[in-house]
Amino acid sequence: MNYNQLINHRNARNSYSILSNIITTEIREGYAKCELNITENHFNVINVVAGGALFTLMDSAGGATANSYGARVTTLSSSVEFLNAIKEPKKVYGIGRTLKRGKNIIVVDTLVEDDQGKCYAQGTFTYFNLKAPFHPTEENNNE
Amino acid sequence: MDYNKLKDYLGNQDHFIKEIGIEIDSIREGFAQTRLIHTDRHRNANGVVNGGALYTLADFTGVCAASSYGYRITTLNGTVNYLKPVRMNDKVIAVGRTTKYGNRIINITVDLFNDDGVIFMQSDLLFYNLGIKLELNEYEL
């Protein structure tokens with residue numbers, strides 16, 4: 001598995017991640033890290049970062065972690081806890097670690113933390129393995 | 001509670017909702033209906049609408065329903081089941097209903113479906129009442 005190709009593929013192909021200002025920075029087997037650069041567009045009506053933005057960061061990290069085994073996946077379910085509010089623009093990280101890799105189902109633990117290691121949200125995501133391989137090089141060449 | 005004013009307030013003051021393209025159809029006590037106006041920007045690597053966009057729609061719909069009691073609230077947690085992928089030509093409507101309104105905790109269920117009632121996603125969300133009254137009279141459009 002060429003993880004750099006997978007990272008490039010994810011960053012180029014996921015329009016919603018681009019819209020959300022999220023990039024995948026690291027993938028290895030059963031692990032992934034994404035970054036969210038928070039801007040004023042991520043804030044909600046009570047002037048904290050919207051839960052949807054943090055959810056998307058965790059889903060991105062979880063999806064990248066599930067992708068690390070070489071197949072496309074889709075999200076089946078998730079359960080997220082919002083632990084601390086983010087009140088100012090900063091960079092935060094979504095980190096995913098596999099809890100269980102089954103034949104069809106992959107369960108990933110995710111969290112959102114900053115440079116100081118403060119945790120803002122935690123989520124458990126369940127993915128279904130679509131058994132369809134990536135062809136990052138071929139697809140990137142077609143762009 | 002002036003629900004039209006609440007609708008204007010939530011729809012116009014939330015930067016993230018405007019960025020994502022969510023519109024509020026209606027709010028009344030313990031109830032809200034919204035919709036996602038999705039474009040190619042909402043597409044994920046599998047070519048369907050990203051799950052994060054759908055969660056954002058569910059969460060905001062829950063915020064609208066939980067705010068209908070007149071207090072500022074914040075999301076504590078959310079549990080989501082994705083039942084069917086949303087294709088790029090599907091319309092997406094979200095309906096949120098209160099299942100329990102407590103002193104501090106509000107439970108809301110939010111379903112996402114299309115015009116034909118086909119369900120895309122089901123979710124349960126918990127909100128915390130911050131105990132601060134929404135002062136909509138101070139809000140100017």
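How many residues lie between E1(B) and E2(B) in their hairpin? There are two, and B:Gly30 in the turn has a positive phi of about 70 degrees. Helices (H or I, at least four residues) and strands (E, at least two) are DSSP runs, numbered from the N terminus. This is a predicted model, in which local features need pLDDT of at least 70 and side-chain atom pairs count only at pLDDT 80 or more, while totals for chains, interfaces and linings use all residues. Residues are numbered from 1 along each chain as its sequence is written, and chains are lettered from A and ligands numbered from 1 in the order in which they are written.

Elsewhere in chain B, strands E5 (residues 105-113) and E6 (residues 119-133) run antiparallel, with nine bridges between them. There, B:Asp111 has B:Gln122 as its bridge partner.

These strands belong to an open sheet of twelve strands with antiparallel pairing, in the order E1(A)-E2(A)-E4(A)-E5(A)-E6(A)-E3(A)-E3(B)-E6(B)-E5(B)-E4(B)-E2(B)-E1(B). E1 of chain A and E1 of chain B stand at the edges with a single partner strand each, so one side of each has no neighbour in the sheet. On average, neighbouring strands are turned by 25 degrees against each other, direction ignored; such angles are taken between axes, which are lines fitted to C-alpha atoms, for helices over the stretch in contact, and run from 0 to 180 degrees between N-to-C directions.

The sheet passes from chain to chain where E3 (residues 71-82) of chain A pairs with E3(B) in the antiparallel sense over five bridges. A:Ser79 stands opposite B:Thr79 there. The contact between the chains takes 32 residues from chain B and 32 residues from chain A, where residues are in contact if their C-beta atoms, placed from the backbone, lie within 7 Å. On the chain B side, H1 (3-13), H2 (15-20), H3 (51-67) and E3 (71-82) each supply at least two residues. E3(B) gives the largest share, ten residues.

Next come the helices. H3 (residues 51-67) of chain A lies across several strands, among them E4(A), to which it runs at about 45 degrees.

The largest nonpolar core has 68 residues. A nonpolar core is a set of buried Ala, Val, Leu, Ile, Met, Phe, Trp, Tyr and Cys residues joined through C-beta atoms within 7 Å. H3(B) supplies the largest share of this core, ten residues. Among the members that touch the most others are A:Leu54 and B:Leu54. Not counting residues up to four places away in sequence, A:Leu54 touches A:Val49, A:Phe82, A:Val112, A:Tyr120 and A:Ala121.

A:Thr25, in strand E1 of chain A, is partly exposed because it has 14 other C-beta atoms within 10 Å. Beyond four places in sequence, A:Thr25 touches A:Lys33, A:Cys34 and A:Glu35. A:Thr25 and A:Ala61 are 36 residues apart in sequence, and 9.6 Å separates their C-alpha atoms.

Key: Two strands pair if DSSP finds at least two bridges between them. Two residues are in contact if their C-beta atoms, placed from the backbone, lie within 7 Å. A residue is buried if 20 or more other C-beta atoms lie within 10 Å of its own, exposed if 12 or fewer, and partly exposed in between; C-beta atoms are placed from the backbone.
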